[in-house]
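Could you open the model in your viewer and keep the selection panel at hand? We will go from stop to stop together.

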Amino acid sequence: MGTDLGAVDQYKWDYNIADLSEQPTLLPRTTGNDLYFRVIDTRSATPSFSVMASYTPAETQPFTMWFKNDQSAVQLSPTDQTVLSADQMTADNGVYTKTFDENTGLLLKASIAARAGSYTGKVVWTLVDGVHIGNVLSRRW
């Protein structure tokens, strides 16, 4: 198996408080490349891998970090959560890919109550081979 998980890039959300709504809203990235995933898995015609993500803020933040896939969105935390599975990716001869533009993938959820400032955090991507049940992983790459 080979992988490119996420991108070696920094993503930014540059918003004025006046641009935010009163209700928490998912906000697209304003800078940075598309978020790109590639997994090479030629072991099976029906692979069972998934991509997990965790997010750790560097400081207290007035927003939450989310991952939005095709129809669902999950709030990221310091605990690994599944964000993408093999069957949600485009397959071509054992190469599985998925690209997320600025309106999908990593998003912030914030409202007008957010304090202006510069904030940082770190997303860790993990490729899991097999089924993830609770805190038990069959194999991590």
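This is a predicted model: local features need pLDDT of at least 70, side-chain atom pairs count only at pLDDT 80 or more; totals for chains, interfaces and linings use all residues.

Residues are numbered from 1 along each chain as its sequence is written, and side-chain values use heavy atoms, with hydrogens and water left out.

**Stop 1: the four-stranded sheet.** Select β2, β10, β5 and β6, in that order: they form an open sheet with antiparallel pairing. Strands here are DSSP runs of E, at least two residues long, numbered from the N terminus, and two of them pair if DSSP finds at least two bridges between them. From one strand to the next, the twist averages 40° (axes are lines fitted to C-alpha atoms, and angles run from 0 to 180 degrees between N-to-C directions). Now zoom in on β5 (residues 64-68) and β10 (residues 105-110), which run antiparallel and are joined by five bridges. Pick Phe67, and you will see Leu106 of β10 opposite.

**Stop 2: the three-stranded sheet.** Next, select β7, β4 and β11, an open antiparallel sheet in that order. Both β7 (81-85) and β11 (121-129) are edge strands with a single partner strand, so one side of each has no neighbour in the sheet. Ignoring direction, neighbouring strands here are turned by 30° against each other on average. Four bridges hold the antiparallel pair of β4 (residues 49-57) and β7; click on Ala53 to find Gln81 of β7 opposite.

**Stop 3: a loop residue.** Move to the loop between β4 and β5 and select Gln61. Is Gln61 buried or exposed? Gln61 is buried, at a relative accessible area of 15% (buried means under 20%, exposed over 50%, partly exposed in between, with a 1.4 Å probe and protein chains only). Beyond its neighbours within four places in sequence, Gln61 is in contact with Tyr55, Tyr119, Thr120 and Gly121, where contact means heavy atoms within 4.5 Å.

**Stop 4: the pocket lining.** Finally, select Tyr11, Lys12, Trp13, Leu108 and Tyr119, which lie nearest the centre of the largest pocket among its 34 lining residues. A pocket is, on a 1 Å grid over the protein atoms alone, an open set of points where a 1.4 Å probe fits, with protein on both sides within 12 Å along at least five of seven lines; lining residues have an atom within 4 Å of a point. β11 gives the most to this lining, with four residues.
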